[in-house]
Structure formats: C-alpha cells, structure tokens
Amino acid sequence: MTGSHDGGLNEAIGRRRFLGYVVAAPTLVVAAELGLTPAPDVRLPTPELTELLDLNDMMTAAALPTSGLISVEVNRDGTVSFALPRAEVGQGITTSTAMLIAEEMAVPLERVRVTLANARPELVFNQLTGGSNTTIATYVPIRVAAAIARLRLLAAAATELGSAVTDLTLKAGVIANRSGGSVDIGALAEKAASTRTQQVSVELTARENFTVIGRPHNRIDARDAVTGRKKFAMDLDVPDAKPTMVCRPPTINGKVGSVANLAEVRAMPGVTDVVTISTGVAVRAETFGQCIDAVRALRVSWKAGTAEGKSDETVLRKLEAAELPLGLKPLTPTVEGKFTFYFRSNSALEPNCAIADVRAGRAEIWSALKSPLVAKQAIAAKLGLPVGSVTVHVTEGGGSFGRKLFFDAALEAAEVSQRIGKPVKLMWHRADDSRQGRTHPMATSRVRAAYLGNTVLSYKQRHTSVSTDLGHGLGEIITAMAARLPVGDIGFSQTFFHLSQAMSYNFGAGSQLLSETDKSFNTGSMRNVYSPDVTCARELIVDQLAARMGKDPYRFRHDFLRDDRSRAVLAKVAEVGAWGRSMPAGTAQGIAFHAEYKAVSAVLVEIDCRPGTVNRPIRDGVAGPRVTKVVIAVDVGLAVNPRGLEAQMMGCAMDGIALALTSSLHLRDGYFLEASWDNYFYTRQWNTPPELQIVVMPSTSEEPGGAGELGVAASMAAVACAYGRATGTMPTSFPINHGTLSFTPKPTVPPIPPSPTDGLNHAR
Amino acid sequence: MPEHTFRVNGEQVTVNVAGDVRLLWVLRDILGITGPKYGCGINVCKACTSHINGKAVNPCAIPVADLQPTDEVTTIEGLPATVGKDLHPMQQAWLDHDVAQCGYCQPGQIMAAVALVRRAAAEGRGITDADLDGLRNICRCGTYSRIREAIKAGAENM
C-alpha cells in the first residue's frame with residue numbers, strides 16, 4: 001500500500017506538512033488531492049486480516065493514484081464554499097466538513113457553505129459514501145486546502161495592510177495587524193487569487209491548538225430542517241418534471257405481461273402519460289395523488305418474478321444447504337449456537353426517488369446518491385448516451401441506511417423520461433419501497449467455541465447469507481484492490497466480510513467465514529452490513545462461555561478483550577450503567593462489544609420482559625419487551641464533532657433495538673408481506689429507551705475513525721444478551737417477534753393502498 | 001375543474017383541481033409548499049403532519065374538497081407566524097437540542113409536538129412520558145431521545 005503514491009505529490013513532507021495547490025481563478029481557489037491521507041500502517045500478514053488492513057484502509061488507499069482535486073473557494077462576501085464529493089443523508093458530514101475548514105481557515109462556522117458535488121468521473125473510486133469512511137478519507141485533504149487558503153489570504157493581507165505576514169493575525173474571518181488595521185477575507189478573495197495553478201506546501205494546525213475540531217457543534221443544516229426549507233429531491237422545482245409513479249408487480253421483480261386498460265387510465269383526471277417500462281407501468285400526472293389513483297386503476301397481467309414461490313422457510317433450507325462446515329468437534333468442552341436473522345428493510349423515510357430530464361443527446365438527473373459515479377455510468381448505458389452527456393446532481397438525502405448506495409429510482413426515472421420525452425419527478429410509494437426495495441439479506445450464523453478451564457481454545461463462526469449486492473462501486477474498489485491483498489482469489493463479499501469482522505477477543509485459533517447463496521432478491525448493504533448479525537451471534541456465545549466458566553459477563557469480556565482501548569469502553573459502560581445492580585425478576589442488563597472503522601464501542605442495556613410491559617396495548621404496533629436504559633461508550637480515535645457522534649450513536653441504538661426485537665420482513669409466496677410503517681416495526685416512541693447515555697471517550701488518536709454505523713452491532717447484541725438474561729433462554733432467531741405476524745397484510749393487487757379520506761376525523 | 005378555497009399560512013388560496021385530490025398533493029404539487037413530506041400516503045408515518053385550525057392533521061388523508069373557505073391550514077412554513085416570531089419555541093428547542101439528522105421527518109415531528117403540548121395545556125396538564133410514547137411520527141434516523149427532550153423544553157416556552 002505504501003508504495004502506491006503517485007510521484008510523491010501525495011506524500012506528507014515531514015510532520016504535518018502537506019502539498020496542495022492554488023488554482024488559477026478570479027477569486028481565491030485552493031485545492032488538495034482527495035487521496036491525501038497518511039498511508040495505512042501495513043504489517044506482516046497474520047491470520048487476522050483486519051489487523052493487516054481494514055475496509056477503510058482499502059477505501060482510502062484505493063483512491064490514491066487516481067483521485068482528482070477537491071477545492072475550497074473564498075467568496076467576495078467573505079463566505080467560504082466547498083462542494084463535498086460525498087452524500088449527506090443525515091450522518092452530519094456537511095457539518096463536520098465545515099468544521100475542518102473553519103478550523104484551518106480561522107473563519108466562523110456560519111461562513112462556511114458546504115454543498116454536495118455533482119458526479120465527478122475524474123474522482124474515479126473516490127466518490128462513494130459508505131463504510132463510515134467519509135471523515136477518515138477527507139480529514140487531511142480538506143484541511144490542507146483550507147490551510148493553503150489561509151496562507152494566501154495572509155499574504156494578500158500583508159500587501160493590503162503594509163505589514164509583514166508575521167505581524168498579522170487571522171481571527172473570525174478578519175485579518176488584523178498590530179496597529180489596528182484590519183481586512184475581511186471577503187475583501188481579499190480576488191487579491192489572494194492566482195492567475196496560474198501552482199503547488200504550495202503547508203503545515204496543518206497541530207491538534208493541541210484545535211479550537212473547532214473536537215468540540216461539540218450543532219448541525220449547519222438544522223435551521224433549514226426545522227423550518228421546512230431543507231430541500232430533498234422531491235422538493236426541487238425542475239420545470240415540467242411532473243409527479244410519476246410505477247405500478248409494480250405482485251411478486252418480487254415480476255415483469256409486465258400486458259395492460260388491459262391503458263387508454264382508460266390515460267384519460268383519468270390529471271394523468272399525462274402511461275407507459276410500460278422494464279419494472280412496471282409508469283404513470284405521470286399533475287399530482288402524486290392522481291398517480292396513486294391511476295396506478296390502482298391499471299389492470300396488468302404480470303409474469304413471474306425472481307423469487308416466485310419462495311418463503312422464509314424455503315430460504316432457510318437453502319441457507320442450510322450452503323452452510324460451510326465447522327469441522328470436527330474438538331475433544332474439549334464446547335459452546336455452540338445457531339442463529340437465524342430474517343430479511344430486514346433498509347428503506348429510509350424518504351422513499352426511492354429521482355428527477356430525470358432526458359432530451360435528445362443529453363440527460364440530467366437529481367437524486368440522493370451515495371455512488372453517483374456508478375449511477376452516471378449505468379444511466380448513460382441504459383439511455384445509450386455517452387457518459388459525458390449525463391449530468392448527475394447529488395441532492396440531500398432523507399436517510400439512507402445503505403439504501404442510497406443504489407440508484408434504482410434514478411435509473412427508472414431516466415427510462416421513463418426517455419420513453420415519454422418529458423421530465424419526470426419519480427417517487428416510489430411506501431408499499432413499493434417496502435416490498436420491492438432492497439433488503440438486508442436473510443442469514444444464519446453458526447458459532448462454536450472450544451474452551452478448557454479458563455482458556456478459550458478456539459472460536460469458529462460460519463455466516464451464511466442470501467447474497468448481498470455490492471454492485472454499487474464498493475465492489476469495484478474491492479476488485480481494484482483485491483489483487484494487492486494477500487487473500488487470494490476470493491470474491492467481493494468475502495473480502496468485505498473479512499475486512500469488516502475483527503476478532504476482538506483472545507479466543508485462540510479460529511476462523512470467521514462467509515458463504516452466500518441465492519441471488520434472486522433485491523439486496524444491499526444495510527447500516528453496519530454483516531456486523532450486527534455476526535456480533536449478535538458472537539456476543540450471545542460469549543455470554544454462554546462466561547456462564548460455563550462461572551464468570552460475570554462483563555468480567556469475562558474484560559478479561560478476554562485484546563487491548564486497553566477496548567477494555568476502556570467496556571469498563572466505562574459498566575461504570576456509567578451500574579453493571580451488576582440488583583434488578584427485579586423478568587428484567588436484566590446485557591453488555592456487548594464491537595470494533596470496526598478504526599473505532600471501538602461498548603453498549604450496556606437494561607430490558608423489561610415482564611408480561612405487564614410486553615403486553616402493554618399499542619394500536620397498530622408492537623409493544624414487546626421494553627429496553628429501559630441504554631449506555632454507549634465509543635472511542636473513534638479523534639471525534640471531529642462529538643455532538644454529531646452522539647447523534648449517530650443514538651440512531652445506532654434505535655436500529656439495534658429494532659433488529660433484536662421487532663423489525664423484519666416476512667417472505668411468503670415470492671413477496672414481502674410488509675407494505676407500511678405499521679407493518680415493518682422499526683423502533684417507535686413507545687419502544688424508545690427512557691434513559692439513554694452516550695459517552696464519547698477522550699481522543700486516543702491523531703486521526704478520526706468512522707462513526708455513522710459503529711454503534712448498531714453492539715446495540716443489537718446487548719439487547720439480545722439482556723433479553724437472554726431476563727428470560728433465562730438464549731434467543732436464536734431475530735427479531736425475537738418474527739414468529740408472530742402482528743398485522744394484516746395488504747393486498748398485492750393493486751400494489752399500493754388507497755389514500756385515506758378520513759383525515760379530518762382524526763384532527764387532534 | 002372545481003375550485004377549492006381555504007387558507008394556508010395566513011393567506012386565502014384558491015386551487016383548481018379535482019376535489020378528491022388529497023391536501024398533501026395540493027400543498028406540494030400545486031402550491032409548492034414542500035415542508036410537509038410524503039412518507040407513506042396512508043396516515044401512518046405522520047411525516048406530513050400539519051395543522052388545521054390549530055389541530056394536528058395528516059394532509060395525505062384529507063380530500064381538498066373537505067376544506068371550508070375559513071379553514072386555516074398551517075404547515076411548518078407558517079408555524080413561526082402563529083407566534084409572531086422568526087421561530088416557534090418548539091423549533092428553537094429543536095435547534096437547541098440539535099434534534100434533526102436527515103431532517104425529512106422533522107417538520108411533521110415539530111407540528112405533532114406543538115399540537116400535543118396545546119392538547120395537554122387545554123387539559124390543564126403538562127407533557128407526560130405516556131404522551132411522548134403515544135407520538136406515532138416515525139423517525140428512521142432514530143432521533144427519538146432528542147425529540148423527547150426537545151418537546152419537554154419547547155413546552156416550557158409555549
């Protein structure tokens with residue numbers, strides 16, 4: 001990895017000194033290469049691949065030779081602009097990015113304007129938002145660009161004020177000399193500009209001098225969010241892009257046979273176009289309400305889908321057939337478990353949606369896209385246009401959870417727009433998003449741990465999963481890098497699995513292997529990908545091992561964790577959460593640990609499984625056991641924005657609770673039964689823990705780790721462990737309520753439910 | 001095409017559209033008022049929560065023909081004006097607690113919170129944990145804990 005730098009331009013020259021550029025432009029524009037990060041610390045191969053290189057090192061290193069420049073611009077009004085080549089979907093990266101710029105430029109955060117960059121093909125692999133990699137990959141280059149801007153501004157101010165640079169101070173966007181003269185950076189935007197592009201070396205602010213990074217900041221887009229001004233794709237006013245929806249098949253990926261009443265539906269109020277496309281029958285109308293009515297009116301005969309006749313039971317049998325063996329059982333005592341994880345939905349609250357305007361010879365797309373480069377290529381191929389004729393705008397996303405790694409709606413919108421020759425604003429109905437949208441694949445995990453006395457001799461885990469579609473660019477990164485890894489000829493997903501699953505305990509020899517089967521489902525990465533399931537299975541077995549050795553679950557983990565940083569987060573949650581306190585029967589604590597993204601996390605929960613709680617009445621929802629307390633401790637190395645990190649951990653806790661207790665898709669007869677938020681039981685207020693405490697550990701590193709997904713795995717595992725301790729039985733099937741269908745499934749024909757008419761009766 | 005007249009955020013509006021088109025689409029697709037979001041279309045997710053005559057409703061479930069000319073529809077865009085300020089105290093509480101993540105559900109969350117506090121006040125009481133448990137607005141980012149804190153704080157200043 002270390003030898004892959006391009007001619008030395010990327011290399012740090014001495015401690016904290018980096019090279020960047022001043023770019024020829026009318027106002028000050030500075031730039032740095034996005035691949036500019038310290039090289040991964042590569043050690044000799046060991047059985048634990050994650051020690052050699054984790055997924056983030058791969059994603060960071062993949063871009064080094066090819067990445068383009070990212071640039072920071074100083075504007076005449078004293079603001080600073082930066083177009084971030086990543087997708088903001090709620091994780092707070094526009095805020096943390098603005099903080100990096102504010103730190104190095106000594107400008108107030110309010111003056112930094114962070115927008116999302118269009119798809120930029122010259123960035124090649126380096127415009128993918130995933131793997132909690134954004135801050136890890138951009139931490140150095142953004143600061144380098146900002147630091148160069150600061151140098152140029154100071155130099156221009158020296159001329160302007162007739163002072164030596166050493167006599168100047170830059171504070172709050174104003175440069176002052178010792179005799180009371182001052183100038184705002186906005187007034188220097190042109191004077192600091194360069195007529196030619198030149199390379200500049202710069203020193204970054206030392207960590208001990210940080211005043212912005214590492215301190216809690218509220219989100220820069222919060223005011224827009226709470227006033228309704230924040231614009232998502234469907235809020236954009238693109239001329240003549242009228243509402244469009246698709247009538248979809250009753251089973252997964254079914255195809256249109258014929259449509260019996262095209263003319264009749266075309267004549268419905270508000271409808272402008274009805275056209276058959278590859279995924280169904282598209283309707284364009286004056287309002288989405290009229291699209292819904294038209295979709296419901298269509299009489300379509302459908303051809304079979306890709307999962308015809310399949311159900312939870314048939315998939316489970318297929319997984320069993322694909323399981324890799326655990327090998328001969330050792331002669332020593334063992335603990336074994338087999339765990340089942342049903343399909344789950346990564347549907348965000350903003351459904352799949354995109355605007356497309358396809359004209360002769362060109363196309364323009366607007367959508368929240370985490371892999372805009374792959375989307376651009378795929379759309380160009382679908383439309384038969386050169387890649388350069390497709391413009392892809394990345395809009396702010398209403399959540400992702402992995403869903404927006406793909407661009408299903410953008411591809412569909414482009415197809416419809418081309419077919420009818422008009423711009424379209426295409427949105428999936430919630431029922432579509434749940435039934436035909438991508439899922440976290442169903443999986444099983446088999447674990448065997450061998451022990452003797454107080455020693456764990458070996459730990460083996462065999463994870464078997466319905467195939468996860470990684471065909472959104474992350475796969476291409478892995479393709480590009482796989483040849484450079486000492487893992488032999490294994491596929492994308494196996495590589496991904498190895499890179500993301502660290503073995504954090506001293507459990508002797510062992511192996512964690514993935515096998516995949518069945519590509520008939522629409523799958524994708526879901527927040528934290530394999531880790532929640534793999535970690536949940538492991539931590540339940542850890543509790544069993546502790547019990548066999550007669551040890552307390554916390555003490556056992558503390559004894560077997562490999563390093564001080566890991567033990568510190570575990571000890572912190574035990575302390576803050578009062579581990580071991582006396583609790584009533586039917587209630588219990590659970591504790592779990594997970595390491596990923598160059599970070600470590602521990603979670604302690606308390607759960608109430610008493611009948612009075614489990615059976616509390618909830619209209620059209622699932623009550624079940626209530627998690628009453630969650631304590632999370634995280635060490636992400638350097639936390640750029642601790643308040644944003646806490647927000648991400650809060651969301652991870654809610655995800656973990658849902659994954660363990662309530663949220664799953666039920667597969668029957670080739671389709672998912674869930675078609676509503678009152679069918680798919682993501683955590684709601686009545687499931688929310690009344691007590692939540694998040695501890696961000698003091699920084700242990702000069703570099704930030706990833707945070708957006710970090711807390712999901714340990715949260716899910718801690719809830720499962722607590723449930724096991726409260727009920728006295730180890731849960732083996734997730735979510736625990738999957739066996740009970742808690743709603744009446746909606747019909748599949750028509751594919752979407754009618755719009756209610758009784759809204760005024762529910763005014764309250 | 002039939003005409004429908006009602007009030008939105010303090011202004012009288014008239015729209016020409018079929019009477020069965022739900023208010024959500026009249027607001028978003030015809031009037032260009034995009035604060036209320038689509039999340040389900042069947043009055044489940046509550047992302048479109050707005051007020052009619054001060055009470056929380058879900059425009060995805062209201063045919064526009066059901067509105068009277070004197071009915072006052074308030075969306076998130078019109079909430080600050082109901083208190084004559086740049087921000088309603090509940091919006092300020094949302095900022096103070098840095099609640100929003102992706103932000104998509106938050107206009108609906110805030111409108112539901114304001115109506116909840118008013119309802120409790122009308123009953124001569126404060127907000128309880130049971131009230132908060134009863135909020136049905138979904139947040140897929142999982143901001144629930146900060147929402148609870150913000151509602152309690154916002155209620156203090158309403």
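Modeller: Happy to! Let's start at A:A450, which touches A:P330, A:T332, A:T334, A:L457 and A:S458, leaving aside residues up to four places away in sequence; contact here means C-beta atoms, placed from the backbone, within 7 Å. Please keep in mind that this is a predicted model, in which local features need pLDDT of at least 70 and side-chain atom pairs count only at pLDDT 80 or more, while totals for chains, interfaces and linings use all residues. Residues are numbered from 1 along each chain as its sequence is written, and chains are lettered from A and ligands numbered from 1 in the order in which they are written.

A:A450 belongs to strand 22 (residues 443-452) of chain A; strands (E, at least two residues) and helices (H or I, at least four) are DSSP runs numbered from the N terminus. A:A450 counts as buried because it has 23 C-beta neighbours inside 10 Å. For that term, 20 or more other C-beta atoms must lie within 10 Å of the residue's own, whereas 12 or fewer make it exposed and anything in between partly exposed, with C-beta atoms placed from the backbone. A:Q512, 62 residues from A:A450 in sequence, lies 14 Å from it in space, C-alpha to C-alpha.

Burial is also the theme in helix 10 of chain A, where eleven of the 13 residues are buried. Among them are A:L411, A:E412, A:E415 and A:V416. This helix, residues 408-420, spans 19 Å from first C-alpha to last, close to the 18 Å expected at 1.5 Å a residue; the expected span is 1.5 Å times one less than the number of residues. After the helix comes A:G421, with a positive phi near 70°.

Now for some strand pairing in chain A. A hairpin of two residues connects strand 12 to strand 13 of chain A, and A:V274 has A:V283 in strand 13 as its bridge partner.

There is also an open antiparallel sheet of three strands in chain A, in the order 6-7-8. Its edges are strand 6 (169-171) and strand 8 (182-184) of chain A, each pairing on one side only. Strand 7 (residues 174-176) of chain A pairs with strand 8 of chain A over three bridges, and A:A176 sits opposite A:S182 of strand 8.

Finally, let's step out to the partner chain. The interface brings 62 residues of chain A into contact with 60 residues of chain B. On the chain A side, helix 5 (222-227), helix 7 (288-297) and helix 18 (642-662) each supply at least two residues, and helix 18 of chain A gives the largest share, seven residues. That side of chain A divides into 26 nonpolar, 21 polar and 15 charged residues, where Ala, Val, Leu, Ile, Met, Phe, Trp, Tyr, Cys and Pro count as nonpolar, Asp, Glu, Lys and Arg as charged, and the others, Gly among them, as polar.

Technical notes
Two residues are in contact if their C-beta atoms, placed from the backbone, lie within 7 Å. Two strands pair if DSSP finds at least two bridges between them.
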